[in-house]
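Please look at the sequence and the model before going on.

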Amino acid sequence: MTKKLEFPSNFLWGGATAASQIEGAYNVDGKSLSAIEMIPFIELKDRKDLSQTRKLTTQDLLDSIENKKGLHYPKRFGIDFYHKYKEDIALFKEAGMKVFRMSVAWTRIFPNGDETEPNRKGLEFYKNVFEECKKQGLEIMVTINHFDMPFSIIQKYGGWKNRQVIDMYFKYSKTLIDEFHSYVRYWLPFNEINLGVLFSAMGLEGNNEEKSLAERLAGTYQDLHNQFVAQAKFIEYSKKFSNTKVGCMVADTTTYAIDCNPVNVLENQRKEQMKKFFYYDVMTKGEYPSYSKRYFKENGINIVKEKTDDELLKNNTVEFLSFSYYMSSTIAKEEVELTEGNLMKMGKNPFLVATEWGWQIDPIGLRYCLNQLWDRYHLPLFISENGMGVLETLNENNTVDDDYRIEYLSRHFEQMSEAIKDGVNLFGYTMWTPIDVVSAGSNEMSKRYGLIFVDYDDYHRGTGNRFKKKSFTWFQNFMKTSEV
Ligand code: P53
């Protein structure tokens, strides 16, 4: 039985990607390496233990520059979008998409971060991509920094802790908006700004030395503060352009108390505060919320600010909220049983099923989240990522019968349409992903999210050819009929 969903006619439907997961061409036209391109592929003996991919020392990172161990670094190869962007953008258009969310690689524009002039070849590449989108009538949303800081900034300056990095980021982001404001309406300064904790744990962002958890936590919040300041500086500058809009991007996970025990309900509220609302609060209200002050005090976290920071944050807040939504989790004061295979700790929910990587599928949790954010912030909302990673192979007809993905998307679209009926101002959605890409978390090519299959395996072996999955045709039809 099909069902017709209601969405505004100008709703921005589209797909999202990130430079380090699609571009490849890591050493072409002046590009340098970013930190995330230094993580080798590690064969997952057991997807239930992703900690295998998480242990990087400084030496590992340095060895990877010359690839002394002959390892494979998937994010250096992506899906070769650098050379195939025309074909890919045409496919997104063919699917019926109206917006393409992509990121710019900092390492193509200021390869070491501290150059005074941008790399023209890098700017040229993005200009060509934007021209192509324009030709196909696709609106563009750009993530300025999607997990891929130039490695040399970490090596030479110690990463975000160093306030000089704020200036380097500003120079980079200013260059982008100066060059591309006529092409790009929507700007996201940072991808999933709340995942800094995760990346510190991976040994990236300059936090890879042996440090106590408390020290690392304090470092993470200092990094974050400097990112908030950098974002505010960008927002301040962007006001010069009347046609651009700047939003934030948070990795959102709906959480539920494991039961109605008030102790657990309170614990869930506290987790929601520090793991999600804190980020939206700072970026929409321009000040640190009261609950965070207690948290910092109790955890010995002392953020070093400059005199002008508070005012800068206050005067430069975001115009819309965007977030990724993949799953939900349960919370209890004591330990809860966890889903397996996840990078982050996810409490099991007996009412939900999880993907092979432990990501619990919960469309209703998306409607819940949309209502929460709208009620709390009254700012336009945009779902900048949502999708399902699955192990897939081409069948004899050179396609993938991904009915589970059709089901996943349908149920999420249904709840989005319900949220809109609830009165939520949701103006767009970019699925992760229109096309298979290298996984951010596990570096696998075989964790596939796309409507389009890409013939590469985990070692970048294959033709690289693109094939439409069943979900591609389904999505194309949904764009015409709104039927799920
Ligand atoms: P992968 C964890 C939890 C939620 C979102 O992730 C996450 C992560 C990081 O793994 O990241 C976002 O590829 C991110 C994308 C990423 C996508 O989710 O690990 O913005 O770059 O690819 C899916 O399965």
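The dialogue below moves from the whole chain to single residues.

Tutor: Before we start, note that this is a predicted model, in which local features need pLDDT of at least 70 and side-chain atom pairs count only at pLDDT 80 or more, while totals for chains, interfaces and linings use all residues. Residues are numbered from 1 along each chain as its sequence is written, and side-chain values use heavy atoms, with hydrogens and water left out.

Student: How many helices and strands are there in the protein chain?

Tutor: We count DSSP runs numbered from the N terminus, where a helix is a run of H or I of at least four residues and a strand a run of E of at least two. Counted in this way, the protein chain has 15 helices and 10 strands.

Student: Why is the protein chain said to be as compact as a globular protein of that length?

Tutor: The radius of gyration is taken over C-alpha atoms, and the globule rule is 2.2 Å times the number of residues to the power 0.38. For 484 residues the rule gives 23 Å, and the protein chain is called as compact as a globular protein of that length because its own radius of gyration is close to this, at 21 Å.

Student: What percentage of the residues in the protein chain is buried?

Tutor: A residue is buried under 20% relative accessible area, exposed over 50% and partly exposed in between, using a 1.4 Å probe and protein chains only. Of the 484 residues in the protein chain, the buried share is 61%.

Student: Among contacts between residues at least 6 apart in sequence, what percentage joins residues at least 24 apart?

Tutor: Contact here means heavy atoms within 4.5 Å. Taking the contacts in the protein chain between residues at least 6 apart in sequence, the share that joins residues at least 24 apart is 77%.

Student: Which residue does UniProt list for "active site", and is that residue buried or exposed?

Tutor: UniProt positions are given in the numbering used here, with feature names shortened, and annotations may be inferred rather than shown by experiment. The unreviewed UniProt entry lists Glu385 for "active site", and this residue has its place in strand 7, residues 381-385. Since its relative accessibility is 5%, Glu385 counts as buried.

Student: Which residue touched by Glu385 is also joined to Thr433 by a cis peptide bond?

Tutor: Not counting residues up to four places away in sequence, Glu385 touches several residues, including His146, Asn191, Glu192, Tyr326 and Trp432. Thr433 is found in the loop between strand 8 (426-431) and strand 9 (452-454). The cis peptide bond, with omega about 0 degrees, joins Thr433 to Trp432.

Student: Where does Asp80 lie, and what is its phi near?

Tutor: Asp80 lies in the loop between helix 2 (58-65) and helix 3 (81-95). With a relative accessible area of 18%, Asp80 is buried. Its phi is positive in a residue other than glycine, and the value is near 60 degrees.

Student: What is the phi of Asn398, which is not a glycine either?

Tutor: Asn398 has its place in the loop between strand 7 and helix 14 (403-421), and with a relative accessible area of 41% it is partly exposed. Its phi is positive, at about 55 degrees.

Student: Is Glu23 buried or exposed?

Tutor: Glu23 lies in the loop between helix 1 (19-22) and helix 2. Leaving out residues up to four places away in sequence, it touches Asp80, Phe81 and Arg108, among others. At 3% relative accessibility, Glu23 counts as buried.

Student: What separates the C-alpha atoms of Asp402 and Val304?

Tutor: Asp402 is found in the loop between strand 7 and helix 14, and at 0% relative accessibility it counts as buried. Apart from neighbours within four places in sequence, its contacts include Glu392, Lys469 and Lys470. Asp402 and Val304 are 98 residues apart along the chain, and their C-alpha atoms are separated by 50 Å.

Student: Is Asn10 buried or exposed?

Tutor: Asn10 has its place in the segment before strand 1 (12-16). With a relative accessible area of 60%, Asn10 is exposed.
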